[in-house]
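This report describes selected packing features of one protein model. The sequence and the structure are shown first.

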Amino acid sequence: MAAGEQLAGVKPKALTAARRQLQQALQKGKLAHAYLLAGGGEAAQMELARYLAAALNCREPREGEPCGRCRSCRQMAGGNHPDFYLLKPQGTTLKIDQIRELERRLTFRAFQGGARVAVLAGADAMTEAAANCLLKTLEEPPEGAYLILLAAQPDLLLPTIRSRCQELHLGWEGGVSPVGVTYWNRLARAGLAAMLQEILPELEKEDDLRSVLQAMALACRDQLVWQLTGAATLLLQPEGFLPVPLSPAKTWRCFRLIQAAQVAIERNGNRRLALEVLMFNLHRELASTPE
């Protein structure tokens with residue numbers, strides 16, 4: 001990926017700020033040993049993590065940018081760099097055995113004399129045992145080793161883990177779907193039968209379901225902001241906005257439910273089941289007596 005090229009799915013301002021921050025830290029020799037990348041989608045987070053790994057190991061970097069030509073850069077591009085470790089959830093979680101194996105590898109010297117970089121995709125899906133195990137590494141990171149945690153929902157991470165990472169927020173995903181706003185407005189006023197018989201089948205057929213759910217979450221967020229401030233200027237999606245008579249607490253829970261469905265689907269969960277769970281949970285919040 002060329003220098004300055006926009007990462008897919010991230011707003012330019014958020015991308016520019018995150019990339020510039022890493023470049024400046026590299027140039028000044030003040031890079032943190034652990035980063036938490038949140039927001040923007042896992043694909044964009046992975047692109048930024050790979051950029052950092054390439055820049056750390058590039059033989060001829062220029063102003064914090066990897067050259068893209070040296071042996072290390074070619075290995076990174078080919079996905080076979082010996083000092084780059086990528087952990088992904090086994091099933092639905094990152095397990096303690098995976099963290100222990102990573103710790104073992106990080107104790108070795110770098111094969112090519114550069115930095116060892118470990119990326120933990122789905123870091124917010126660690127088991128409690130895995131999180132406690134990782135905490136030890138974050139407290140005493142091996143020299144020359146860097147950890148990059150990717151999280152769709154950073155709030156699910158242990159506060160002690162978050163406090164030991166420098167957070168970079170990539171913002172909301174770009175290309176917000178207006179269809180998602182329409183779905184939210186329909187769901188907020190539908191009964192359970194309509195949710196299951198009409199809205200769910202339509203959602204299930206959406207080609208880009210992730211973007212639709214993201215837009216639904218943004219619409220829900222706008223409801224919360226409106227309820228708390230009454231300021232239309234703070235709405236992210238003012239087009240099609242329709243106030244819903246919900247308490248802020250219920251709106252917040254709806255937001256988290258939509259996020260949970262996003263995460264389940266992004267991790268290759270059963271699409272139908274994830275949407276059914278979302279419908280039942282949203283109905284519970286939307287149909288009950290306001291708090």
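Helices here are DSSP runs (H or I, at least four residues), numbered from the N terminus. W252 is partly exposed, with a relative accessible area of 38%, whereas F255 is buried at 9%. For these terms, buried means under 20% relative accessible area, exposed over 50%, and partly exposed in between (1.4 Å probe, protein chains only).

## Basis of the model

The model is predicted: local features need pLDDT of at least 70, side-chain atom pairs count only at pLDDT 80 or more, and totals for chains, interfaces and linings use all residues. Residues are numbered from 1 along each chain as its sequence is written, and side-chain values use heavy atoms, with hydrogens and water left out.

When neighbours within four places in sequence are left aside, Q262 is in contact (heavy atoms within 4.5 Å) with R210, L213, Q214 and A217.

## Packing of helices 4 and 5

Helix 4 (residues 96–106) and helix 5 (residues 128–139) pack with their axes 8 Å apart and at an angle of about 15°. The axes are lines fitted to C-alpha atoms over the stretch in contact, and angles run from 0 to 180 degrees between N-to-C directions. The two helices are therefore roughly parallel to each other, a term applied to angles under 35 degrees.

From helix 4, I96, I99, R100, E103 and L106 meet A129, A130, C133, L134, K136 and T137 of helix 5. The residues of this contact comprise seven nonpolar, one polar and three charged. Ala, Val, Leu, Ile, Met, Phe, Trp, Tyr, Cys and Pro count as nonpolar, Asp, Glu, Lys and Arg as charged, and the others, Gly among them, as polar.

## A proline in helix 7

P178 lies in helix 7 (residues 178–187) and is exposed, with a relative accessible area of 59%. P178 and M216 are 38 residues apart in sequence, and their C-alpha atoms are 8.9 Å apart in space.

Key. Angles under 35 degrees count as roughly parallel, over 145 as roughly antiparallel, 65 to 115 as roughly perpendicular and the rest as oblique.
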